[in-house]
Amino acid sequence: MTQEKKPLIRFDVQRCAFCKICELSCAKYHFSKYGDALSRITIIRKSPLMFRSLICTRCDKRFCIPVCPTKALSYKGGNIVVDEKLCNSCGECVRACPFHGIRLHPETKMPLICDLCDGDPSCVKACPKSALTLVWLPEVRK
Amino acid sequence: MIEMKYSGYKGKILRVNLTNKKTSTLEVTDEFARKCLGGNGFAARHIFDMVNPRMDAFDPTNVVAMMTGPFQGINIPTAGKYYMATKSPLTNGYFDSVSGGHIGAQIKYAGYDGILVTGRADKPTYLFVEDDKVEFRPAEKLWGRLTGETQEMIKEEVGDPSLCVSAIGPAGENLVRYACVITEYRAAGRGGVGAVMGSKNLKAVAVRGSGSNQVADPAKFEEWINWYNVEAKKIPALATGLPTYGTPVLVASINNMFGAMGTRNHQGEFFEGWEGISGETLKKGYWNKDTACPACPIACSKVFTVKEGKWKGAVSEGPEYETIYAFGSMCGISDAAALIKTDSLCDEWGLDTISYGVMLSFLMECSQRGLISKENTDGVEFKFGNDDILVNYVEKTAKRMGIGDLMAEGSLRAAKVIGGDSERFAIQVKGLEIPGHSARALRGMALGYATATRGGSHHDPRPTGEYAGASDRKAIDGKAAWVIGTQQMTTIGDSLVQCHFLERLLGFTLTQKYVDMINPVTGFGYTLGELVDVAERILDLERAFSVMTGIRRRDDTLPRRFLEEPIPEGPSKGMNTDEPTLNRMLDEFYGLKGWDKRTGIPTREKLIRMGLEDVATTLENL
């Protein structure tokens with residue numbers, strides 16, 4: 001019997017150089033243009049040595065799904081999937097996520113959530129310092 | 001949204017008046033973009049048009065320009081920067097300072113090619129720009145604060161941990177003539193842009209944009225990126241030197257191979273204590289992690305931490321090579337820990353590290369020669385090698401306390417106060433302290449510093465080609481053409497707002513490789529000739545501004561020490577550029593530039609050829 005697994009884009013704070021090439025490549029992959037407001041990953045720096053990556057962690061609680069008033073969010077194949085026909089852009093999911101892993105597209109106002117770029121994340125490929133890696137962790141939800 | 005034919009531009013520049021709190025926008029036309037390229041070109045034209053060159057730099061009518069070029073906000077190496085310009089309180093001329101930082105991209109994403117700030121706020125203010133919204137926010141609570149906490153407090157107030165903020169420290173508020181602007185942990189260091197912000201009661205600028213930037217020809221652009229990724233690996237400096245050690249890698253070679261590292265205020269150019277402050281020492285004893293400017297895969301920036309000893313606990317992004325020269329060899333200090341401590345303090349209090357270190361080494365020599373005594377310097381003897389002075393006088397200079405008040409004026413003004421023959425060894429050109437690339441060991445830097453708009457800057461002329469042997473560092477013949485070439489290259493770099501570290505890959509002077517990088521992004525279809533003209537146009541605009549402040553050929557010179565005293569020891573022993581040699585090179589330089597040989601003023605014919613007829617007329621009516 002195989003155990004179900006969930007993906008995680010793991011962040012190595014020691015390797016990250018704060019170049020934000022991950023953000024640029026994320027926006028480029030999904031929208032063919034560059035802009036951090038279009039990125040599903042955000043890197044922040046609080047002090048010379050304190051960095052964080054903000055991205056959907058596929059957390060065990062999945063805070064975003066139950067708060068959605070229109071039931072537009074679901075978990076499928078390791079990703080939080082948005083049904084854009086149902087979404088009313090209220091932003092409840094953005095506020096519910098403790099990992100700051102969701103933002104609304106500045107124009108369409110649809111939630112932007114990491115979708116692993118069809119299984120081959122562009123941020124992981126683009127990182128010049130190999131600070132991001134895609135790993136699969138055991139699902140502990142059930 | 002303004003539709004432009006060319007890519008990489010937003011078509012407008014935000015204009016902010018702090019006096020009446022009014023904002024407006026200036027159009028960036030396709031023609032203007034093509035003729036002036038961005039950053040340096042945009043600012044040079046607007047500052048020439050808006051600022052009275054004879055007015056004091058702290059007059060409210062002075063302008064602080066914060067500019068971008070076509071490369072900000074896209075994924076291109078070494079362009080994660082922003083460009084600042086103003087009339088400098090240190091040199092009184094046109095002055096620009098380029099810094100790494102995400103704010104350049106944010107200005108683009110907010111829909112602007114740049115911001116021009118004029119006027120003076122009636123009380124401390126910071127500017128918050130979010131797309132079309134511009135807010136003048138109170139900054140009383142931030143006044144007096146260090147740059148790090150200022151940035152964090154603004155992020156907190158806005159509620160966005162990824163917000164980009166450029167801030168000044170107390171040095172800028174107190175009008176220290178070489179106060180810098182800090183974004184994250186990088187500095188628009190030189191020339192006192194931070195002091196001009198302080199004179200405007202402008203503590204910080206925060207920008208957030210929801211837009212994007214695109215390139216003209218994505219396929220060709222990707223082709224260029226792929227070319228870069230292959231070719232950059234073949235250049236040792238880009239593949240290993242800078243990624244491993246950062247700019248401190250230069251210490252060993254400049255000191256030991258070239259004997260060109262100014263020591264004890266350039267009484268020598270070989271520092272016997274180099275090992276204590278070398279790239280290898282920093283890497284082995286203090287390195288913590290690599291950091292990068294946005295979108296740059298090189299990551300040449302290093303965070304160093306001090307784990308033990310007198311300066312335990314110090315953390316800094318840097319020191320870079322120039323800082324190591326200014327604090328280390330110039331002040332006779334061979335303890336890297338003291339350098340790391342002082343580097344972080346300069347960033348926090350908002351001082352330019354080069355000018356601060358060179359200013360201090362000047363006072364140390366004044367003390368050595370008995371021109372000043374303990375009574376002049378707060379009861380402390382300013383002796384070479386005293387690291388406590390180096391560390392402690394950052395705060396005192398930023399607050400203008402005691403002798404710090406004189407240090408805040410820069411070495412040229414200080415020399416005029418101290419008198420004697422001290423001006424002979426004030427290591428500055430046009431008021432700007434000279435960085436760590438010898439004007440005596442590198443002939444190109446002698447002519448380069450003498451003729452640079454900013455004076456003692458290593459980012460107007462470049463030393464790299466002479467270190468690499470692309471131009472014979474001792475040659476006199478042909479040096480004028482070489483220097484003009486490197487100044488054109490840096491001007492294009494400053495207009496793209498891209499750092500000059502790609503020079504080993506793309507060329508020390510402008511080449512077709514620069515054209516091939518620019519065209520896919522902008523769609524200009526430049527030829528090399530047109531690109532060279534863009535550079536010359538911008539340089540002539542800068543020179544015209546300098547001329548209007550009173551700069552003439554007689555000002556295009558070097559400290560007397562460099563003209564009169566050859567290097568006393570080391571690998572470059574006996575080298576310098578004396579006055580007759582400098583004059584010979586200047587004649588050739590002005591001739592090639594199309595500037596008048598007697599006065600150093602750009603001729604009417606040259607200005608017309610550059611499309612600057614109005615500038616020619618302005619100069620004739622002086």
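**Cavities and sheets**

Modeller: By class, the lining of the second largest cavity holds 10 nonpolar, 1 polar and 2 charged residues, where Ala, Val, Leu, Ile, Met, Phe, Trp, Tyr, Cys and Pro count as nonpolar, Asp, Glu, Lys and Arg as charged, and the others, Gly among them, as polar. This is a predicted model, in which local features need pLDDT of at least 70 and side-chain atom pairs count only at pLDDT 80 or more, while totals for chains, interfaces and linings use all residues. Residues are numbered from 1 along each chain as its sequence is written, chains are lettered from A and ligands numbered from 1 in the order in which they are written, and side-chain values use heavy atoms, with hydrogens and water left out.

Colleague: What volume does the largest cavity have, and which residues are closest to its centre?

Modeller: The volume of the largest cavity is about 190 Å³, and of its 22 lining residues the closest to the centre are Leu24(A), His102(B), Ala105(B), Tyr109(B) and Pro294(B). Helix H3(B) gives the largest share of that lining, 4 residues, helices (H or I, at least four residues) and strands (E, at least two) being DSSP runs numbered from the N terminus.

Colleague: How do strands of a sheet pair, and in what order do E13, E14 and E15 of chain B stand?

Modeller: Strands of a sheet pair through backbone hydrogen bonds, either parallel or antiparallel; two strands are counted as paired if DSSP finds at least two bridges between them. Here 3 strands of chain B form an open antiparallel sheet in the order E13-E14-E15. Strands E13 (287-291) and E15 (315-317) of chain B stand at the edges with a single partner strand each, so one side of each has no neighbour in the sheet. Strand E14(B), residues 301-305, pairs with E15(B) over 3 bridges, and Phe304(B) stands opposite Ser316(B) in E15(B).

Conventions:
On a 1 Å grid over the protein atoms alone, a cavity is a set of points where a 1.4 Å probe fits but cannot get out, and a pocket is an open set with protein on both sides within 12 Å along at least five of seven lines; lining residues have an atom within 4 Å of a point. Grid points are joined across faces, edges and corners, and a volume is the space filled by probe spheres set on the points.
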